[in-house]
Amino acid sequence: MESKAIFAENLTKYYGKARGIDGLDLAVAPGDFFGFIGPNGAGKSTTIRTLLGLISPTAGKGRVFGMDIVKNKKAILERVGYLPSDTAFYNGMKVRDMLKLSADLRRKDCSAASAELCERLQLDRDRKVEDLSFGNRKKVGIVCALQHNPELLVLDEPTGGLDPLMQHEFFSILQERNQTGVTVFLSSHIMSEIQRYCSKAAIIREGKIIACDSVDKLAKTGTRRVTFRGNLQPDALPDIRDWTESDGIVSFLYNGETNKLIRTLAGLDVHELTVSEPDLEEIVLHFYEKGGDQA
Amino acid sequence: MTLIRHELKQAWKALLIWTLSIGAFIVICLFMYPEMKSQMNSISSIFSSMGMFSSAFGLDTLDFGSLKGFYGIECGNILGIGGALFAALIGIAALANEEKNGTAEFLLTHPLRRTEIITAKLISVLIQTLILNVAVWLMAVGSIAVIGEPVPWKEITLLHTAYFLLQVELACVCFGISAFLWKGGIGIGLGLAIALYFMNIIGNLTSKADVLKYITPFGYADGSEIFNKGALDGCKLLIGLAFSLIGVALAYWKYNKKDIR
């Protein structure tokens with residue numbers, strides 16, 4: 001347990017009667033590039049904000065680097081860089097002063113790292129923070145999260161507002177950091193992002209983790225996307241989901257025995273058949289849907 | 001230290017405007033005093049015989065024709081209300097504004113204990129209050145010297161001390177309330193300051209409502225009472241101190257376990 005970068009056991013947060021997260025179990029090993037996937041309101045931000053001590057858990061335990069999230073907030077925050085999903089700064093301050101303030105609050109001189117990051121992200125340090133676009137404010141947040149070289153990066157929907165070039169540069173930086181042993185924990189809606197960069201991922205739905213594995217294994221569930229031109233009734237096979245039919249093209253996700261599929265199709269007039277692995281997005285969409293928890 | 005410096009940097013413009021506004025009003029009034037003085041003898045008796053109105057503002061016990069009396073009433077209304085509004089505003093904004101402006105997430109994910117943040121913000125509020133009061137006191141004393149009147153050092157210093165303590169109390173109480181808010185509470189702060197001011201006026205009007213003067217900090221910052229007694233009312237001050245401590249204690253208690261939005 002102590003060896004985990006992030007560890008949560010039965011972590012629960014209720015806002016009054018409203019569910020934030022409910023009995024969440026999570027383990028992130030040091031050095032992981034970890035994706036945290038879930039729809040709006042599933043509890044991604046609640047999980048992150050609880051782990052960082054912004055809100056206190058209603059029940060359960062949480063540890064970061066083996067330290068209790070309630071008792072050792074300060075020691076945890078020393079080692080963490082956090083990028084909130086909505087970054088706000090103090091009006092009237094220049095980017096340069098904002099970054100300096102963040103470093104000073106950590107009692108660290110981060111000027112070299114700060115300069116390098118601003119250069120790479122093309123962030124003008126002489127602008128006032130309130131004049132910045134959403135994307136540029138995000139960059140300020142990124143520099144604040146990275147400039148003190150933390151051991152754990154917690155990023156809440158980090159790429160919103162960044163243009164594709166900046167997203168690429170940002171992920172390059174994250175990968176470089178990850179290669180030096182930094183643990184990266186990022187929440188996202190964007191499945192291609194997770195599939196491309198993360199080694200592991202957890203899927204959260206209605207406050208609970210419903211799947212947690214390596215991204216490769218999550219994507220290889222045995223489920224297949226079957227598409228062909230022909231005629232098939234949806235009830236002809238069990239274990240069919242996501243059925244669509246248009247212009248004679250039938251498409252569905254199949255999770256049953258392959259032989260059964262072949263036998264059924266053999267009796268039909270089938271053209272242009274493809275059987276492919278669904279991408280992570282399709283799998284996750286099914287995790288999101290109610291009852292779709294055996295994809 | 002970093003945080004206190006940051007807080008003061010964020011606050012200095014508003015502090016400057018408040019200080020100059022309150023100071024300027026007092027200076028202007030004092031510069032009108034020499035001319036008014038010559039006409040005062042007749043007006044003064046009118047002022048002091050307006051019944052309820054006179055007692056509400058202490059006109060019955062203070063001689064409006066003397067500098068002390070004039071200053072006690074005039075300063076009472078400018079520094080009294082102005083300072084109270086200022087103190088209430090900075091107190092109520094101190095903790096709540098971080099969440100209102102969305103900066104709480106930034107600040108609270110730096111390695112700082114909540115207690116350190118509360119303390120730094122409280123100290124910043126007290127420093128601002130002190131700066132405003134010292135500056136206004138200097139402007140007042142300077143103006144009295146410039147218009148060639150003898151400076152009533154003891155009275156004026158006592159009065160300004162009372163106003164300073166009033167503002168500290170109000171700021172501390174609002175600071176405590178601030179810990180419970182998510183959206184800023186300018187209305188609450190201003191409302192409280194004004195309500196307490198009128199509470200004192202009601203207390204002045206009728207002796208049946210005397211108890212109000214023990215609740216409101218304006219009760220111990222009453223020019224006529226301070227000048228007549230030559231001292232501040234220890235009992236009222238102690239009650240004020242108790243309110244201040246409760247406010248501060250509430251802030252620490254609540255903010256340390258608060259869920260940040």
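In the predicted model described here, helix α1 of chain A is followed by A:Gly53, whose phi is positive, near 80°. Helices (H or I, at least four residues) and strands (E, at least two) are DSSP runs, numbered from the N terminus. Helix α1(A) spans residues 44-51, and eight of its eight residues are buried, so the helix is largely enclosed by the rest of the structure. A residue counts as buried if 20 or more other C-beta atoms lie within 10 Å of its own, as exposed if 12 or fewer do, and as partly exposed in between, with C-beta atoms placed from the backbone. The buried residues of α1(A) are A:Lys44, A:Ser45, A:Thr46, A:Thr47, A:Ile48, A:Arg49, A:Thr50 and A:Leu51.

Residues are numbered from 1 along each chain as its sequence is written, while chains are lettered from A and ligands numbered from 1 in the order in which they are written. As the model is predicted, local features need pLDDT of at least 70 and side-chain atom pairs count only at pLDDT 80 or more, whereas totals for chains, interfaces and linings use all residues.

Chain A has 10 helices and 14 strands. Along the principal axes, its C-alpha atoms fill a box of roughly 75 × 40 × 35 Å. Of the 295 residues in chain A, 41% are buried. Two residues are in contact if their C-beta atoms, placed from the backbone, lie within 7 Å. Of the contacts in chain A between residues at least 6 apart in sequence, 69% join residues at least 24 apart.

Strand β1 (residues 6-15) and strand β2 (residues 18-28) of chain A run antiparallel and are joined by seven bridges. Two strands pair if DSSP finds at least two bridges between them. A:Lys13 has A:Ile21 of β2(A) as its bridge partner. Two residues lie between the strands of this hairpin, where A:Gly16 takes a positive phi near 65°.

Strand β11 (residues 224-229) of chain A is joined to β14(A) by four bridges, and the two run antiparallel. Within this pair, A:Arg225 has A:Ser276 of β14(A) as its bridge partner. In a regular strand the side chains alternate between the two faces of the sheet.

A:Cys212 lies in strand β10 (residues 208-214) of chain A. With 17 other C-beta atoms within 10 Å, A:Cys212 is partly exposed. The C-alpha atoms of A:Cys212 and A:Asp25 are separated by 9.6 Å, although the two residues are 187 residues apart along the chain.

The axes of α3(A) and helix α5 (residues 134-146) of chain A come within 9 Å and cross at roughly 30°. Axes are lines fitted to C-alpha atoms, for helices over the stretch in contact, and angles run from 0 to 180 degrees between N-to-C directions. Helices α3(A) and α5(A) are therefore roughly parallel to each other. Angles under 35 degrees count as roughly parallel, over 145 as roughly antiparallel, 65 to 115 as roughly perpendicular and the rest as oblique. In this pair, A:Val95, A:Met98, A:Leu99 and A:Ser102 of α3(A) meet A:Val140, A:Val143 and A:Cys144 of α5(A). The residues of this contact divide into six nonpolar, one polar and no charged. Here Ala, Val, Leu, Ile, Met, Phe, Trp, Tyr, Cys and Pro count as nonpolar, Asp, Glu, Lys and Arg as charged, and the others, Gly among them, as polar.

Between the chains, 18 residues of chain A are in contact with 18 residues of chain B. Helices α2 (73-78) and α3 (95-105) of chain A each supply at least two residues of the side of chain A that touches chain B. The largest share of that side, four residues, comes from α3(A). By class, the side of chain A that touches chain B has 11 nonpolar, two polar and five charged residues.

In chain B, helix α3 (residues 67-100) and helix α5 (residues 114-146) pack at an angle of about 160°, with their axes 11 Å apart. That angle makes α3(B) roughly antiparallel to α5(B).
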